[in-house]
Amino acid sequence: MRQDAHELSTLVRYAFVLRLVTILASLFAFSDRQLTVTTAVAITVLLGVGLVGLISASAPAILESHPILVALDAAVMTATMVAIGTDTPLVLVALSTSVIIGVTLPPVSAGLAGLVLVTGYVTATWASGGDSRSFTTLFSFPFTLVCVMGLCEVYRMLATRARRSEQALNHALTSAAASAERARLARELHDSTAKTLQGLSLSASSLDVWIDRDPPRAALVAHEIAEAADDAVQQLRELLSMLRQDDLALPFHKALCGMAADLCRRYDVELVTHIEPVDVSAPGARYELLAAAKEALMNALTHSGTTRIWLELRQLHGDVHLEVRDIGTGFDPSVLPDREREGHFGVRGFSERLALVGGHADVQTRAGEGTTVHFVLPGMVRSLA
């Protein structure tokens, strides 16, 4: 149940509590006089309705879904006032009826139910004669009933408007997240598999020429095509694996630990974790940070020769800090341009991933001294969704 619906239900329950308290208090007024059958029946009916409304957890929702029950409650209260008069404390029960009418009924229905209630009170007061016909008695209490209904009606309308605004905001965020996910998948396929398939297509188109002119070269090209096809399949598998691992129903820190544990187990490397229960709500930022962490782990597992990897996740001043550290061979950062010309874009890859979501990556390494990769994701990005 949404927060505003919960508040409306709570207000209805308070109205039933008010009804029960009013009824119990009114019983003291009858201690010095005998209860008539009509009054006893009225008290029993009002008390029964109040208890049912208070005990039943679904009563507020039922009243909102079936306005006829609210109208029936108003009719019972009106009949009670006409039957026993308005010179009794039981008339204060009408305040709880006004709250229920204002909270559960739309404006037109609330107006009609309120008109019945006020008309019943005025009729009962006028018919009783005597001092009860004074201006104050005839108009002050009906005015109070109308004000209570009006205030509750305004509250209900504001709560409904807030609910619709929240739904519109959630829809906009969901649409934006879905658009970001489609763009991310398109980028992943373009940057990896599409380029591999394009190269495979070019090689395949020249294969028939080499078969006629140079059979040994054709065999070599066929071997290259097979390797490229294997690469494309592996890239698709890795992409699908990341999509499966990034279960949005799973907290980010658990998804991170699960992914790191699987990789280290596969390469028989010890994993040491220092993980805080930090979550990343924005789907795009969550995916990119998880993918960047995987790339950093894969670099350490496949190139550093390390026997142990430290994984640390913490929150500092609202920002997410993720660190991957190894005790491997390390490297000279000046060799990165040469490595990229050879087709190795690991460091550039996870740096670009963080940049896409407003974060940044820092690599600290030196030959023979291991490598530390530090990712920072701003707090406003991690909780965007």
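Trainee: What percentage of the 385 residues in the protein chain is buried?
Mentor: This is a predicted model, in which local features need pLDDT of at least 70 and side-chain atom pairs count only at pLDDT 80 or more, while totals for chains, interfaces and linings use all residues. Residues are numbered from 1 along each chain as its sequence is written, and side-chain values use heavy atoms, with hydrogens and water left out. Buried stands for under 20% relative accessible area, exposed for over 50% and partly exposed for what lies in between, with a 1.4 Å probe and protein chains only. Of the 385 residues in the protein chain, the buried share is 37%.

Trainee: How much of the accessible surface of the protein chain belongs to carbon and sulfur atoms?
Mentor: Accessible areas come from the Shrake-Rupley method with a 1.4 Å probe, and for residues only the protein chains shown count as cover. The total for the protein chain is about 21000 Å². The part that belongs to carbon and sulfur atoms is 62%.

Trainee: Are α4 and α5 roughly parallel or roughly antiparallel?
Mentor: Axes are lines fitted to C-alpha atoms, for helices over the stretch in contact, and angles run from 0 to 180 degrees between N-to-C directions. Angles under 35 degrees count as roughly parallel, over 145 as roughly antiparallel, 65 to 115 as roughly perpendicular and the rest as oblique. Helix α4 (residues 67-84) and helix α5 (residues 93-104) have axes 10 Å apart at an angle of about 160°. The relation of α4 to α5 is therefore roughly antiparallel.

Trainee: How many residues in the contact of α4 with α5 are charged?
Mentor: On the α4 side stand V70, D73, A74 and M77, and on the α5 side V93, A94, T97, I100, I101 and T104. Ala, Val, Leu, Ile, Met, Phe, Trp, Tyr, Cys and Pro count as nonpolar, Asp, Glu, Lys and Arg as charged, and the others, Gly among them, as polar. The contact then has 7 nonpolar and 2 polar residues, and the charged count is 1.

Trainee: Is the crossing of α2 with α4 left-handed or right-handed?
Mentor: Helix α2 (residues 37-55) packs on α4 at about 160°, with axes 10 Å apart, so α2 and α4 are roughly antiparallel. In their contact, T38, T39, A42, V45, L46 and V49 of α2 meet D73, V76, M77, T80, A83 and I84 of α4. A crossing is left-handed if the near helix is turned anticlockwise from the far one by less than a right angle, and right-handed if clockwise. By that rule the crossing of α2 with α4 is left-handed.

Trainee: Is S98 buried or exposed?
Mentor: S98 lies in helix α5. Beyond neighbours within four places in sequence, S98 is in contact with L117, L145, V148 and M149. Because the relative accessible area of S98 is 0%, S98 counts as buried.

Trainee: What distance separates the C-alpha atoms of T144 and S98?
Mentor: T144 belongs to helix α7 (residues 135-213) and, at 33% relative accessibility, counts as partly exposed. Along the chain, T144 and S98 are 46 residues apart. Their C-alpha atoms are separated by 9.4 Å.

Trainee: How many nonpolar residues does the contact of α9 with α10 have?
Mentor: The axes of α9 and helix α10 (residues 283-303) come within 10 Å and cross at roughly 25°, so the two helices are roughly parallel. The contact joins F252, A255, L256, M259, A260, L263 and C264 of α9 to R286, L289, L290, A293, K294, L297, M298 and L301 of α10. The contact has no polar residues and 2 charged ones, and its nonpolar count is 13.

Key
Helix = DSSP H or I, 4+ residues; strand = E, 2+ residues; numbered from the N terminus. Contact = heavy atoms within 4.5 Å.
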